[in-house]
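Trainee: I am new to this structure. Please show it to me, and then I will ask about the terms.

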Amino acid sequence: MNIENAQKQVDDWIKNHGVRYFNELTNMAQLTEEVGEVARIIARRYGEQSEKESDKNKDLGEELADVMFVVLCLANQTGIDLQDAFEKKLDIKTERDHDRHHNNKKLK
């Protein structure tokens, strides 16, 4: 699946199962909430915090997919072609960061 298809799948889901997109501010708040859930899992599972019993069955992939779903919603409702934007960003990062990362002594 490419990003363009993912945006269409989300739009189809909203049209078939949702009433409408939440407004942009609500989706931004929802995105923040979902990113927080990802952060909680990573902090406890891979970081120094101990994992609570109630968090041990949380699925990181599912939480990352929640983040992706809301990002796709925001792109759709603001008219962003995320496939195009991602490809442009990757080109920029490739040009800008290739030598920088190879020359970073902290990464050796």
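Mentor: This is a predicted model, in which local features need pLDDT of at least 70, side-chain atom pairs count only at pLDDT 80 or more, and totals for chains, interfaces and linings use all residues. Residues are numbered from 1 along each chain as its sequence is written, and side-chain values use heavy atoms, with hydrogens and water left out.

Trainee: Why is H101 called partly exposed?

Mentor: Buried means under 20% relative accessible area, exposed over 50%, and partly exposed in between (1.4 Å probe, protein chains only). H101 has a relative accessible area of 37%, so H101 is partly exposed.

Trainee: What makes α2 and α3 roughly antiparallel?

Mentor: The axes of α2 (residues 24-45) and α3 (residues 60-77) cross at roughly 160° and come within 9 Å. Axes are lines fitted to C-alpha atoms, for helices over the stretch in contact, and angles run from 0 to 180 degrees between N-to-C directions. Angles over 145 degrees count as roughly antiparallel, under 35 as roughly parallel, 65 to 115 as roughly perpendicular and the rest as oblique. The pair is therefore roughly antiparallel.

Trainee: Which residues make up the largest nonpolar core, and what makes a set of residues such a core?

Mentor: A nonpolar core is a set of buried Ala, Val, Leu, Ile, Met, Phe, Trp, Tyr and Cys residues joined through side-chain atoms within 4.5 Å. The largest has 7 residues: L31, V38, I41, L60, V67, V70 and L74. The elements giving two or more residues to this core are α2 and α3, and α3 gives the most, with 4 residues.
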